[in-house]
Amino acid sequence: AAPLAAPLAAPRAALLAPPAAAPLPPSRLFELLPDGRTVHKEAPPPTGGIAAVTAALVHVGLGGYAAAFDAEGFDDLGFLLELSAAERADVARETGMKPGHVSKFEKFGFGRG
């Protein structure tokens, strides 16, 4: 019985291991250098670009979605501020927000945290 226990241990450990995290989408604003530093790829547009959107998301406690907003092209804060609640809900779903965060973003947008 002992020789069979060892081969079964490895597959069980593999099944219990947490799944690998999906890599973040590449940023259009920052570039990762080989030494680990990040630098701006280009100056942000007059609308503030993704930096302004990120700051607004952080302000309302949704900063974890900044990379998704960038990847989906939602990098114009002025545009986002003009959206209706229904349009904000669509953006929230397109950026992969959790259901509770969708409700929060739909109701408050960037107004409250």
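Me: Which hand is the crossing where helix 5 passes helix 6?
Reply: Helix 5 passes helix 6 in a right-handed crossing. A crossing counts as right-handed if the near helix is turned clockwise from the far one by less than a right angle, and left-handed if anticlockwise. Bear in mind that this is a predicted model, where local features need pLDDT of at least 70, side-chain atom pairs count only at pLDDT 80 or more, and totals for chains, interfaces and linings use all residues. Residues are numbered from 1 along each chain as its sequence is written, and side-chain values use heavy atoms, with hydrogens and water left out.

Me: At what angle do the axes of helix 5 and helix 6 cross?
Reply: Roughly 150 degrees, and the axes of helix 5 (residues 85–94) and helix 6 (residues 99–108) come within 8 Å. That makes the two helices roughly antiparallel, a label for angles over 145 degrees. The axes are lines fitted to C-alpha atoms over the stretch in contact, with angles from 0 to 180 degrees between N-to-C directions.

Me: And which residues in helix 5 meet helix 6?
Reply: Ala85, Arg88, Ala89, Val91, Ala92 and Arg93 do, and on the helix 6 side they meet Val102, Phe105, Glu106 and Lys107. Contact means heavy atoms within 4.5 Å.

Me: Switching topic, where is Asp70 found?
Reply: In helix 3 (residues 66–71). Asp70 counts as buried because its relative accessibility is 5%.

Me: What is Asp70 in contact with?
Reply: Leaving aside neighbours within four places in sequence, Asp70 contacts Pro26, Ser27, Arg28, Leu29 and Ile50.

Me: Zooming out, how many helices and strands does the protein chain have?
Reply: Six helices and two strands, in the order α-β-β-α-α-α-α-α along the sequence. Those are DSSP runs, H or I of at least four residues for helices and E of at least two for strands, numbered from the N terminus.

Me: What share of the protein chain counts as buried?
Reply: Of its 113 residues, 25%.

How values were computed:
Buried < 20%, exposed > 50% of the residue type's maximum accessible area, 1.4 Å probe, protein only. Parallel < 35°, antiparallel > 145°, perpendicular 65-115°, else oblique.
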